[in-house]
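Reader: I have a model open and would like to go through it piece by piece. Can we start with the terms and then get to the fold?

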Amino acid sequence: MVELPKSIKNLIAAFERLPGIGPKSASRLVFYLLNTPESYVAEMARSLLAIKKEIKICKTCFSVCEGEICSICDDSERNKKIICVVERAIDVMAIENIGGYKGVYHVLGGVVNPLEHVGPDDLKIDELVKRVEEIVTDGEIEIILATNPTMEGEATALYIKKRLESLSDKNIKISRIGSGLPMGADLEYADQATLSRAMDGRREI
Ligand SMILES: [Zn+2]
C-alpha cells in the first residue's frame, strides 16, 4: 500500500474524529479539498477558527451566540415563562426550524450518562433550578423537558423533574415532549412534522 504524505494523513485523521465520518469519507473529503481552489480552503479554515474565537455561550440559556446573551433570550417577544430544556444547542436549532415555539430554551450540555462519567453536576441543571427560582415568583411557568427519548434522556428528564418538584412551588408546570418521537431517536435528526407533533403533544408529568 502506498504511503500517503504526512499532511494528507493528518487531515484524514482530523476528519475521522468528526461524528458520522468514517475512514473512507474522511479520505474522500481530503482528496476533494486537494482539488478545490486555495481560496475555498482558506475561507473554510477561517470559518473553522471563527467558531472557536467568535462564538460564545449565552449566559442565560447556554445556547450559542455572538454576544453575552443569545438573540432568543434577548427577544422581548419571547415568553420567558416557558422554558424548553434541551440537551444541546443544535436541538434549539431543530425546534426553531419547525417555527411556532414562542418560549425560551435551556441547554443542558448533554445528559446524565454514568457509563461516560457524566453526572448531574456536569450539566447546567443547578443553573436551570436557579433560573426557575428567579422567575417563578411572578406567576405560573412551564418547563418543557425536551431531552432525547433515549434511556439517558428519560433519566435526565426525571431527575430534573424531581429537582424542580423539590422547589415545591405550585406555579411550576412540568411537561415532557410527546411520544411522537420513536424511542432512541435524536431531536436533531427528527423531521419537522414529527418534532412539531412531539412539541404540540407534550404532556404534563
Ligand atoms: Zn440565551
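Author: First a term: two strands pair if DSSP finds at least two bridges between them. Helices (H or I, at least four residues) and strands (E, at least two) are DSSP runs, numbered from the N terminus. This is a predicted model, where local features need pLDDT of at least 70, side-chain atom pairs count only at pLDDT 80 or more, and totals for chains, interfaces and linings use all residues. Residues are numbered from 1 along each chain as its sequence is written.

Reader: Fine. How do β6 and β7 run, and how many bridges join them?

Author: They are antiparallel, with two bridges between β6 (residues 172-176) and β7. Serine 175 of β6 is opposite glutamate 204 in β7.

Reader: What is the strand order in the open sheet?

Author: The sheet has five strands in the order β4-β3-β5-β6-β7, and its pairing is mixed. β4 and β7 (203-204) are at the edges with a single partner strand each, so one side of each has no neighbour in the sheet.

Reader: And which way do β5 and β6 run?

Author: Parallel, joined by five bridges. Isoleucine 141 has isoleucine 172 in β6 as its bridge partner.

Reader: Back to β4. Which strand does it pair with, and in what sense?

Author: β4 pairs with β3 in the parallel sense, over five bridges. Valine 85 is opposite histidine 106 in β4. The chain gets from β3 to β4 through α4, and this β-α-β crossover is right-handed (with the strands pointing away from the viewer, the path from the first strand over the helix to the second runs clockwise).

Reader: Why is β4 largely enclosed by the rest of the structure?

Author: Because four of its five residues are buried. Buried means 20 or more other C-beta atoms within 10 Å of a residue's own, exposed means 12 or fewer, and partly exposed is in between, with C-beta atoms placed from the backbone. Over the protein chain, 24% of the 205 residues count as buried.

Reader: How many residues are in the largest nonpolar core?

Author: 37, and those with the most contacts inside it include Val85, Val86, Tyr105 and Ile143. Such a core is a set of buried Ala, Val, Leu, Ile, Met, Phe, Trp, Tyr and Cys residues joined through C-beta atoms within 7 Å. Elements that each supply at least two residues of this core include β3 (79-86), β4 (103-107), α5 (125-136) and β5 (141-145).

Reader: What is valine 86 in contact with?

Author: Beyond its neighbours within four places in sequence, its contacts include Asp91, Tyr105, Ala146 and Leu187. Contact means that the C-beta atoms of two residues, placed from the backbone, lie within 7 Å.

Reader: Which strands does α5 lie across?

Author: β3, β4, β5 and β6, and α5 runs at about 160 degrees to β5. Axes are lines fitted to C-alpha atoms, for helices over the stretch in contact, and angles run from 0 to 180 degrees between N-to-C directions.

Reader: Different topic. Where are the domains?

Author: Domain 1 is 6-50 and domain 2 is 76-204; the bounds come from an automatic or database domain assignment. Their centres, taken over C-alpha atoms, are 35 Å apart.

Reader: Last one: is aspartate 74 buried or partly exposed?

Author: Partly exposed, with 13 other C-beta atoms within 10 Å. Aspartate 74 is in the loop between β2 (64-65) and β3.
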